[in-house]
Amino acid sequence: MTFRFEPAAALLLVRVELVGSTGKAFLKLALDTGATRTLINPEMLIAVGYDPAQAASFTEITTGSRVERAADVFVLSLTALGHTRQNLKVHAHALPARASIDGLLGLDFFRGLNLNIDFRNGLITLA
């Protein structure tokens, strides 16, 4: 499927559906090919039924300024750009409020797929 984006924007934003045990939420994630794993704001995870504080495992993640600890949460499903991943492990971690996004859509979501980002025409194709 092909989706439009604003090539001059500071971030490449993607609308994502997150499903949890108590409902679903639509998130605004930045597509980040530098992130090995998808990262979601803990408040958004809590809103649909996950409890990052009760995670069975945690991972040290490297941010732009330091190393931090993030809960590993397996989400029922995450849908973006016409594709759904089930039982995807994401990091629960809040980005600075000034970022104005709910997290990052990382490389783990795209593994095994063909991602094409056409900046000239403002198109993302994921197949």
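How many bridges join strand 1 to strand 10, and which way do the two strands run? Three, and they run antiparallel. Strand 10 covers residues 123-126.

Okay, some housekeeping before I go on. What you have on screen is a predicted model, so local features need pLDDT of at least 70 and side-chain atom pairs count only at pLDDT 80 or more, while totals for chains, interfaces and linings use all residues. Residues are numbered from 1 along each chain as its sequence is written, and side-chain values use heavy atoms, with hydrogens and water left out.

Strands (E, at least two residues) and helices (H or I, at least four) are DSSP runs numbered from the N terminus, and two strands pair if DSSP finds at least two bridges between them.

Three strands make up an open, antiparallel sheet, in the order 1-10-9. Strand 1 (2-4) and strand 9 (115-118) are the edges, each pairing on one side only. From one strand to the next, the twist averages 15°; the angles here run from 0 to 180 degrees between N-to-C directions, on axes fitted to C-alpha atoms.

Let's look at strand 10 from both sides. As for faces, Ile124 and Leu126 sit on the covered one, Leu123 and Thr125 on the uncovered one.

Now a few individual residues, buried or exposed? I call a residue buried under 20% relative accessible area, exposed over 50%, and partly exposed in between, using a 1.4 Å probe and protein chains only. His91, in strand 7 (residues 83-92), counts as buried because its relative accessibility is 7%. The His91 side chain also makes a polar contact with the Asp72 side chain, at 3.1 Å. By polar contact I mean N or O atoms within 3.5 Å, where within protein one must be able to donate a hydrogen and the other to accept it, and sequence neighbours count only if both atoms are side-chain atoms.

Asp72 comes up again with Asn41: they are 31 residues apart in sequence and 12 Å apart in space, C-alpha to C-alpha. Asn41 sits in the loop between strand 4 (39-40) and helix 1 (42-47), and with a relative accessible area of 16% it is buried.

Then Ala80, in strand 6 (residues 67-80). Its relative accessible area is 1%, so Ala80 is buried. Val14 is 66 residues away along the chain, yet the two C-alpha atoms are separated by 7.0 Å.

That's my tour: sheet first, then those single residues.
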